[in-house]
Amino acid sequence: MKIVLAPDSFKESMTAPEAVAAMRAGVAAVLPEAEVVGVPMADGGEGTVDAVVDALHGQHVEVAVSDALGRTVAARYGYVPLRQLAVIEMAAAAGLELIPPGRRDILRASTFGVGELIRSALDRGAEDFLIGLGGSATNDGGTGMLTALGAKFLDADGEPLAPGGADLVRLERIDLTGLDPRLRDVCIRVASDVTAPLLGPSGASAVFGPQKGAGPAEVARLESGLSRLATVASATLGGTQPQRPGAGAAGGTGFALVEFLGAVSRPGVEEVAETVALERALLGADWVFTGEGCVDAQTVMGKTPFGVAQAAARAGARVIIFAGRVAPDAAVLLDHDVERLVAITAPGTPIEQALCDGAESLTRATAEICRDLA
């Protein structure tokens, strides 16, 4: 019997590699003769760096960068020297969780630190980039990131705009002459499960602005700023596609990466699966165990367990999803090539205890499932 272990991280409890280790222990306790292949997974959000570094035997690189409000923070990205591949989670530099709720300021939040991470990876020799766009605190259309890479966003007097999305309403000219020339020779892949366009009622400002602390007036100003950015960018580049699905990811950073840097954007779980060679690991598999902290009806919208289940189905393997919490509406997954949903935590368990006991609970649940399979 061949079993592939391909979970995402269990947020605040286990990284994806730790979840693989917990599952492996459960399988070994009951089916010691089984062939077990571990492939830590992610969907472009938290845990993407750990998953790829583990799968490809890369390294973590720590560098001092600016957070969304310009404060210095230590951020990590992954680097795989043999492939000259850099793996970046933009939330490591411009993440919402880096800023206390009372100090969040979406009007001036900047992606400058993301550009600093990219520049660090270029200095290290990276020629291939995988950039995950989840969890940002920003709505600046990626202009901060591009500024860190040498671009200039100027007002009518030729002066640089202030950081953040609010000042974009004064944008008159974009100067790309100083953009790092090394960017012409790299491949950038964007991993995101967001399909929002840059503008409009389903765009970056309207949908995600309120989640980052913007009220109606702030949303309107940010929308005007991104609209101005799209207009000037189109004139500068000879045309852009602000309504492209995914352009609104991470406050418009998806727009900047594709239009200015030539990135290719795909669903996050597909990008990660390709990078870590999930389909190759699935060849000949009988069972696939996947999971994450919580599964519900939204999991079918491109989260890791759903993406893994789809890949497993193509390979002819059967799928079991493990989660700390299985919502009642998660039953929809049973109509999408998933055989069983397994909650690893007993109902009523305090959240603090559930998070602390996550690895032990996952090992125990995996062992119980393996007894059924045996």
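Residues are numbered from 1 along each chain as its sequence is written, and side-chain values use heavy atoms, with hydrogens and water left out. In this predicted model, local features need pLDDT of at least 70 and side-chain atom pairs count only at pLDDT 80 or more, whereas totals for chains, interfaces and linings use all residues.

**Exercise 1.** Determine which residues of the largest nonpolar core touch the most other members.

*Solution.* Step 1: a nonpolar core is a set of buried Ala, Val, Leu, Ile, Met, Phe, Trp, Tyr and Cys residues joined through side-chain atoms within 4.5 Å; buried means under 20% relative accessible area, exposed over 50%, and partly exposed in between (1.4 Å probe, protein chains only). Step 2: among the 52 residues of the largest core, Ile 118, Phe 129, Met 145, Leu 257 and Leu 261 touch the most other members. Step 3: helix 8 (residues 249-261) supplies the largest share of this core, 8 residues; helices (H or I, at least four residues) and strands (E, at least two) are DSSP runs numbered from the N terminus. Step 4: a second, separate core has 37 residues, including Val 272 and Phe 306.

**Exercise 2.** State the strand order of the open sheet and identify which strands stand at its edges.

*Solution.* Step 1: two strands pair if DSSP finds at least two bridges between them. Step 2: the 5 strands follow the order 2-1-11-12-13, with parallel pairing. Step 3: strand 2 (35-38) and strand 13 (340-343) each have a single partner strand, so one side of each lacks a neighbour in the sheet. Step 4: strand 1 (residues 2-5) is joined to strand 11 (residues 287-295) by 3 bridges, and Val 4 has Val 288 as its bridge partner in strand 11.

**Exercise 3.** Explain why the salt bridge of Glu 172 and Arg 228 ties together separate parts of the sequence.

*Solution.* Step 1: a salt bridge places a side-chain nitrogen of Lys or Arg within 4 Å of a carboxyl oxygen of Asp or Glu; the count by this rule is 18. Step 2: the side chains of Glu 172 and Arg 228 meet at 3.3 Å, N to O. Step 3: Glu 172 lies in the loop between strand 7 (152-154) and strand 8 (173-175), and Arg 228 in helix 7 (residues 216-237), so the pair ties together parts 56 residues apart in sequence. Step 4: Glu 172 is partly exposed at 44% relative accessible area, and Arg 228 is partly exposed at 26%.
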